[in-house]
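Here are a few friendly notes to read alongside the structure. Keep the viewer open and look up each residue as you go.

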Amino acid sequence: MAETDGEEIEDLPPSAKLVFKVLEYDGPLTQKQIVEESMLSARTVRYALERLEEIGIVDEDIYFADARQSLYRLEEPVAADGNGVEDSPKKDACCAE
């Protein structure tokens, strides 16, 4: 997982953690949708998204339904400890010769 100055999810403010969880459960969302889901203020969501982008957890894309808005999504699956989640082992990995 990408880190900036050693910062991880545990080091983020509670609002950023909540935005992370909203994106984790509800998939790609616009800032307005995140505000509605999280019940945080628009300013707080904006700050949380900035912090998540700084450490490389959130990616910003164009929202094709309304080009004035951006669509935010998680970069890759992240474990609760802030480390990347490993892919599940292959079926034959234990029996490799």
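1. Which residues have the most contacts inside the largest nonpolar core? They are Val19, Leu23, Ile34, Leu49, Leu52, Ile57 and Val58, in a core of 18 residues.

2. At least two residues each come from helix 1 (14-26), helix 3 (42-54) and strand 3 (70-74). Helix 1 gives the largest share, with 5 residues.

3. Leaving aside residues up to four places away in sequence, Ile34 touches Val19, Leu23, Leu29, Met39, Val45, Leu49 and Tyr72. Among these partners, Val19, Leu23 and Leu49 are also on the list of core residues with the most contacts.

4. Before going further, please remember that this is a predicted model. The average pLDDT of the protein is 81, and 70% of the residues score at least 70. Residues 1-5 stay under 50 in pLDDT, although the model has 12 contacts for them beyond four places in sequence. Where pLDDT is low, the predicted coordinates should not be read in detail.

5. Next, the charged side chains. Side chains of opposite charge can pair when their charged atoms come close. How many salt bridges does a search of the whole structure find? The search finds 3.

6. One of them joins Lys21 and Glu24, whose closest N and O atoms are 2.8 Å apart. Both residues sit in helix 1, and because they are 3 residues apart there, about one helical turn separates them. Lys21 is partly exposed, at 35% relative accessibility, and Glu24 is partly exposed too, at 32%.

7. Another salt bridge pairs Asp61 with Arg73, with the closest N and O atoms 2.8 Å apart. This pair links distant parts of the chain: Asp61 belongs to strand 2 (residues 58-62) and Arg73 to strand 3, 12 residues apart. Asp61 is partly exposed, with a relative accessible area of 27%, and Arg73 is partly exposed at 31%.

8. The remaining pair is Asp66 and Arg68, where the closest N and O atoms are 2.9 Å apart. Are these two partners buried or exposed? Asp66 has a relative accessible area of 16%, so it counts as buried, the cut-off being under 20%. Arg68, at 77% relative accessibility, is exposed.

Key
Residues are numbered from 1 along each chain as its sequence is written. This is a predicted model: local features need pLDDT of at least 70, side-chain atom pairs count only at pLDDT 80 or more; totals for chains, interfaces and linings use all residues. Side-chain values use heavy atoms; hydrogens and water are left out. pLDDT is the predictor's confidence in each residue, from 0 to 100. Contact means heavy atoms within 4.5 Å. A nonpolar core is a set of buried Ala, Val, Leu, Ile, Met, Phe, Trp, Tyr and Cys residues joined through side-chain atoms within 4.5 Å. Buried means under 20% relative accessible area, exposed over 50%, partly exposed in between (1.4 Å probe, protein chains only). Helices (H or I, at least four residues) and strands (E, at least two) are DSSP runs, numbered from the N terminus. A salt bridge is a side-chain nitrogen of Lys or Arg within 4 Å of a carboxyl oxygen of Asp or Glu.
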